[in-house]
Amino acid sequence: MLLRVVLLAVQALQLAGALDLPSGSCAFEENTCGFDSVFEFLPWILNEEGHYVYVDTSFAKQGEKAVLLSSDLQAEEWSCLRLVYQITTSSGSPADPSRLNLYMRFEDESFDRLLWSAKEPSDSWLIASLDLQNSSKKFKILIEGVLGQGNTDSIALFEIKMTTGYCIECDFEENHLCGYVNRWNPNVNWFVGGGNIRNSHAILPQDHTFRNELGHYMYVDSVYVKHFQEVAQLISPRTRAPMSGCLSFYYQLQQGNDNIFSLYTRDVAGLYEEIWRVDNPGNAAWNLAEVEFNAPYPMEVIFEVAFNGPKGGYVALDDISFSPVHCQNQTDLPFSAKEASCNFEEDLCNFYQDKEGPGWTRVKVKPNMYRAGDHTTGSGYYLLANTKFTSQPGYIGRLYGPSLPGNLQYCLRFHYAIYGFLKMSDTLAVYIFEENHVVQEKIWSLLESPRGVWLQAEITFKKPMPTKVVFMSLCKSFWDCGLIALDDITVQLGSCWSPESLPPTPGECTFEQDECAFTQEKRNRSSWHRRRGETPTSYTGPKGDHTTGVGYYMYIEASHMVYGQKARLRSGPLRGVSGKHCLTFFYHMYGAGTGLLSVYLKKEEDSEESLLWRRRGEQSISWLRALIEYSCERQHQIIFEAIRGISVRSDTAIDDVKFQAGPCAEIEDTTQQSSGYSEDLNEIEY
């Protein structure tokens, strides 16, 4: 149980309203400081005595939402956004709890980006800290409170504050302590010192910030230690954006006493790594410590003191700061995960092969009805290993990735497809080689898999030494060999699975969890359906989805429809902005009787719809990528319309829909992709 020292005195927090708050901040004392309730939703109510705004079930129904929108903001320097809030609910844990969401709305994007979400109720105020990377783009902060199923649910906002700097920085002068929390221990804990507070048996110092008795700092005292190795931990807010540089702080500890003062990082999986430990007590004054800090994925910083007994003295801490400049003037460039990723559209990127055997060949298959194309676009390049033509029995040349720095956690994802092979065991395996190639470790191998379907694999690994990822295919005998296809290798820093992963942004939908914001006017057997695996009718429809090969997609079941019948899937409202929009999605049109797939733009208050894109008839046995570039400065919706063709072999599917701001960067032939149809653009009559 964490003791939240940030909540020492709610009354003291309320004094923040008397201060001049920076842009994007509000203490809700007398007004909402330019944060306005959005008219279409419930209003946030300003408490009559000030100090907070709230929404609750006394005037709202379960499931309703209240939205608060800031004025235009800009973060040209790295900034920290802090939110002091509280969610309360009736006893028990409702299946659908109240939720508080925070979004960023950029001026050139038609959707809002979800930065943070909370649903855990509490009996006191909590604080969330969010790093905002510097950007020249204007944005707005959107705070959404959604009431849950409880009869007495409420959501309250006490303070919003946006300041220049990093969220892990703190001088401990404010009562919320920048979101730092103490991990409760019955005998030894971190406390706030200074401000004329004298509740310790030790003689504590003046603070470092102001160098007087009125300033504040954190300290931990050994006087109540009862056991060997009693530990006190002070935990920072979790980083929310990649950071690399120098973490500095001032500390003071009582000389000649038996304690261990250390600094750790902890990732979302709970893995600790010590990055600093005090070597000598230093002098009686404040000592500066500078530590190389690298957080390519979300991490907490933990200041830990371990005492060996009640005479361990005290440790004090103040003025934690961060600089993106490395402590020792290091010039090494930070590792970019993109260097270890490849879709093989242009070349092998930074991958290479050993010289033995024919190895992996970069190939391209034009869309057709007999052989699947690549995973990236359906008509691009991928790697193929034909094990029947290997120069050595049972072995195919290895494919090496670039060197990955040690002591970092990686998420490796790739797509593969298997053709042939009587036995699946070890047909494709992934190894990790240390740089000297002496030590190798198998981290993944194929046991059993559907054939002819692009499937996604994902692997999380971390090694202390620099390593390379190696793909290798095997077959036990000549008669058992087949083809291995490999595409879209990506490497990201961090774990593939995060317990705090956010829902996908409103601009993306893979249909893995639900239909996202898409709706249908009517739902019956002839509507769009969400499905995984093959469709019921043979010789039509996909064998699996595009995202992972075993996930979900949307499709029409032609056997439930009549010739010419339509099914329409409508996106949620998209905000109009100036400039270009790019819509990408994957579609599957396989079957001798395949009909029509069209994409329409429906502007708000317009009765007419504009045709953006269309495909007619059978296209490929593969998923194909569509790129549509369009402009719309008014609120609008995108409509996917599928029309059943002349026979039951007319199943049509879509997957992985994504809206992006700006022009389609990867567009190969704008005319062909955006409006690439030679037929009449008018409504097709059936």
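A salt bridge here is a side-chain nitrogen of Lys or Arg within 4 Å of a carboxyl oxygen of Asp or Glu. With that in hand, we can look around this predicted model. Asp108, Glu109, Arg113 and Lys137 are joined to one another in a network of such bridges. Across the model, the count comes to 18 salt bridges.

Lys137 and Glu109 meet through their side chains, at 3.9 Å from N to O. Lys137 sits in the loop between strand 9 (126-132) and strand 10 (139-146), while Glu109 sits in the loop between strand 7 (99-106) and strand 8 (113-118), so this pair ties together parts that are 28 residues apart in sequence. Lys137 is partly exposed, at 29% relative accessibility. Glu109, in contrast, is buried, with a relative accessible area of 4%.

Five strands form an open sheet in the order 22-25-30-27-28, and their pairing is antiparallel. Strand 22 (352-353) and strand 28 (440-445) stand at the edges; each has a single partner strand, so one side of each is left without a neighbour in the sheet.

Inside that order, strand 27 (residues 429-434) pairs with strand 30 (residues 467-472) in the antiparallel sense, over six bridges. To find this pairing in the structure, look for Ala429, which stands opposite Met472 in strand 30.

The side chains of Lys463 and Glu441 meet at 2.6 Å, N to O. Lys463 belongs to strand 29 (residues 455-463) and Glu441 to strand 28, and the pair links distant parts of the chain, 22 residues apart.

How accessible are these two partners? Lys463 counts as partly exposed at 24% relative accessibility, and Glu441 is partly exposed too, with a relative accessible area of 36%.

## A bridge between strands 35 and 38

Since Arg568 lies in strand 35 (residues 566-570) and Glu609 in strand 38 (residues 609-616), the pair ties together parts that are 41 residues apart in sequence.

Arg568 is partly exposed at 24% relative accessibility, and Glu609 is partly exposed at 28%.

Note on methods: Residues numbered from 1 in each chain as written. Predicted model: local features only at pLDDT ≥ 70, side-chain atom pairs only at ≥ 80, totals over all residues. Heavy atoms only, no water. Pairing = 2+ DSSP bridges. Helix = DSSP H or I, 4+ residues; strand = E, 2+ residues; numbered from the N terminus. Buried < 20%, exposed > 50% of the residue type's maximum accessible area, 1.4 Å probe, protein only.
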